Amino acid sequence: MARLVVLGGGVSGHTAATFAAKWLGSAHEVVVVTPNAKWNWIPSNIWVGVGQMTKEDVTFDLAPVYAKAGITYHQAKALGIHPEGNETSDKPYVVIESTKEGSAGETENVEYDYLINATGPKLNFGATPGLGEGSELGEHTVSVCTADHAVHAAHELDKCIEKMKAGERQKILIGTGHGMCTCQGAAFEYIFNIEHEVKKAGVRDMADIKWISNESFLGDFGVGGLHMKAMGFAVSSKIFAESLFAERDVDWIIGAHVNKVESGKIGYELLDGSMGEEEFDFSMLIPPFAGVGLKAINKAGEDITDTMFAPNGFLKVDANYGAGAYENWKASDWPSTYQNPTYGNVFACGIAFAPPHPISKPMSSPNGTPINPTPPRTGMPSGIMGKTVAHSICDRILKGEDAPLHKASMAEMGAACVASAGKGLFSGTAAAMTIYPVVPDFEKYPGTGRDTDYTFGEIGLAGHWIKHILHHLFIWKAKLKTGWTMIPE
Amino acid sequence: MSKYGEKNIKAYGNNFTTMTPGPVAKWMRTCVIFQFFRFIAINIKMLVVVSKSH
């Protein structure tokens, strides 16, 4: 019997574990280690953050789902990987620490034959003074990164709307809280959902809504922007995004590294090196992401974290980490099998794998401060990677260690993205977009880097309907209900 | 019809160089009948991209 251990139960880890359990059957064991008791459909946290959904609408208990799937579930966080075993055994293992009530803090070694690192990110609030401490959100701003954060955000937004109703003008500032953030899309959705809710509350004229982000142009979204076919043109996402901001009367600051957060005020540095300050009454700033801080230890007990992990804490995979300057970047730099180059039975997927470099052009201020989005690895690509890695491992377990690995490079896969711009069955809108491929391939698609036959975007009610349906569809799939395998990632 | 999106343009401000939707484009976005057909079209497009990505 072989044992596959999956670290993390988010979109990527959950997809990998559930498909592996299905393909391997009861002859082999699948173990999931995740510190959370509940699964969270993160894209819908936006609606929790504006009070249009509850925490219960976007989460469910993992234990019964894993029991049904025959998956061994540890509510714990991984502390370290011992890929060579230890002095007494050659069997590789991970050290985990329980986060379950009643046994919290207890450690345990879990041996594995194959390991998938799908831990997702550490929300690195501590990277910006005042934004938070370590992975803990600070007191000055809100977040929609977790369901609990979103509940808190909705509560604070309610207070803000009440003040506007009482005649007090409010400044709302939404965006990224550091020069090296990703997930601009989540902030994009949140700002327009807030604008929609404020309008619904009848106090739009009392709100000054502003966007701040590390993108060098609006519509970069961490993928270097995209060109979409519209009205016979290949239209840049810059035009697409700026148009929506203008229409909704939302001003913006871009190319900004937020370097300080205080009560009611942030400080920032721009790409031109100038410094500025912006006041706010309500602010949601996405933190930068980092690896969760896993340690790697060899058989002799020596720390080999630098061998297995990139400096940002993400696991090294089959990417080209020596591509160098932007001019040398190629689509082929991006990993396709997600196998660790040092230990062939260790894989990473979702946010946990170390990307070879950003997708957006790297930029920095004259002061040397890097200000550019880091690459997104969430949503549909994350699920596809999880399934691909599970497929590879299952083949190796069932067919032998020489079975070829399956591939899913972000430079060869597309993504469908629906960014909500307001919730409502007949009044809601969303930007429905597809992008193909996620990582531009300028050799294959000269000019735009993408196939504009499969890269499009439009705003409308239909997008909102799709976003709402996807909410229910993906929770259905994650709960492993009838037909779940038929629902694509 | 009001010039819905134009009133927010600020002369030589951030948004002076972009395009804004006119009232017809704005109405089409929430026109249930039109959006029903867009719903079908977008779903087909997304399914094509999904199928090319697996």
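**Close-up views of a predicted model**

View 1. Strands here are DSSP runs of E with at least two residues, helices are runs of H or I with at least four, and both are numbered from the N terminus; two strands pair if DSSP finds at least two bridges between them. S24(A) and strand S25 (residues 430–435) of chain A run antiparallel and are joined by six bridges. One bridge to look for links A:Ser420 to A:Ala430 in S25(A).

A word on the model: it is predicted, so local features need pLDDT of at least 70 and side-chain atom pairs count only at pLDDT 80 or more, while totals for chains, interfaces and linings use all residues. Residues are numbered from 1 along each chain as its sequence is written, with chains lettered from A and ligands numbered from 1 in the order in which they are written.

**View 2. Helix H9 (residues 379–399) of chain A is largely enclosed by the rest of the structure, because 17 of its 21 residues are buried.** Buried means that 20 or more other C-beta atoms, placed from the backbone, lie within 10 Å of the residue's own. After H9(A) comes A:Gly400, with a positive phi near 120 degrees.

**View 3. Chain B meets chain A through 25 residues of chain B and 29 of chain A.** Contact here means C-beta atoms, placed from the backbone, within 7 Å. On the chain B side, helix H2 (residues 32–53) gives the most, with 13 residues.

Methods:
A residue is buried if 20 or more other C-beta atoms lie within 10 Å of its own, exposed if 12 or fewer, and partly exposed in between; C-beta atoms are placed from the backbone. Two residues are in contact if their C-beta atoms, placed from the backbone, lie within 7 Å.
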